[in-house]
Amino acid sequence: MTRLEDRRDRLPEDLTCVRCLEIKPTTELDRLLWCEGCLASARRRASAKGWIAGGALLGVLALYVFVWIQPDLSLIPTAWIMMLLVAFYLGSRVAREFAFAWDRMRNRRAVEAAPPTVDARGDAEPDAGSTWD
Ligand SMILES: [Zn+2]
């Protein structure tokens with residue numbers, strides 16, 4: 001028996017995901033007790049922030065190149081454009097990793113938890129109006 005199986009045997013079968021408060025099997029949660037869905041949505045959010053940061057870097061760099069450096073675009077225009085595109089791609093990748101790591105490090109509880117909907121509450125409570133009609 002491996003050490004991993006030892007650890008799993010001692011844990012309860014189901015645990016609550018700290019992000020969405022849904023009860024999941026222990027095997028579907030990671031070491032911070034995040035489920036797959038919460039991990040995926042955190043990655044999506046980090047990715048969106050990454051593209052925005054990459055776009056901001058691209059804008060600032062393009063301004064710097066064309067306003068401050070003012071290169072002779074008749075020589076090698078593709079090199080300048082490639083440089084800007086590489087900065088955009090790498091900047092967004094780095095920003096995405098930082099955003100995801102920040103989200104994991106803060107580990108805010110119940111961020112993804114959905115409050116009960118009106119329909120769910122309506123089913124749970126008896127409809128007082130209709131019983132008296
Ligand atoms: Zn979750």
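The legends below describe close-up views of a predicted model.

Residues are numbered from 1 along each chain as its sequence is written. Because the model is predicted, local features need pLDDT of at least 70 and side-chain atom pairs count only at pLDDT 80 or more, while totals for chains, interfaces and linings use all residues.

**View 1. The protein chain and its elements.** The protein chain holds five helices and two strands, where helices (H or I, at least four residues) and strands (E, at least two) are DSSP runs numbered from the N terminus. Read from the N terminus on, the order of these elements is α-β-β-α-α-α-α. The chain has 133 residues, of which 11% count as buried, a residue being buried if 20 or more other C-beta atoms, placed from the backbone, lie within 10 Å of its own.

**View 2. Helix α2 against helix α3.** Helix α2 (residues 36–69) packs with helix α3 (residues 77–106) at an angle of about 145°, and their axes are 7 Å apart; axes are lines fitted to C-alpha atoms over the stretch in contact, and angles run from 0 to 180 degrees between N-to-C directions.

**View 3. Helix α3 and its buried residues.** Helix α3, with 30 residues, reaches 43 Å from its first C-alpha to its last, close to the 44 Å expected at 1.5 Å a residue, that expected span being 1.5 Å times one less than the number of residues. Among the buried residues of α3 are F88, G91, S92 and A95, and what covers the buried residues of this helix includes α2, through contacts in which C-beta atoms, placed from the backbone, lie within 7 Å.

**View 4. The residue after α3.** N107 follows α3, and the phi of N107 is positive, near 50°.

Terms used: A residue is buried if 20 or more other C-beta atoms lie within 10 Å of its own, exposed if 12 or fewer, and partly exposed in between; C-beta atoms are placed from the backbone. Two residues are in contact if their C-beta atoms, placed from the backbone, lie within 7 Å.
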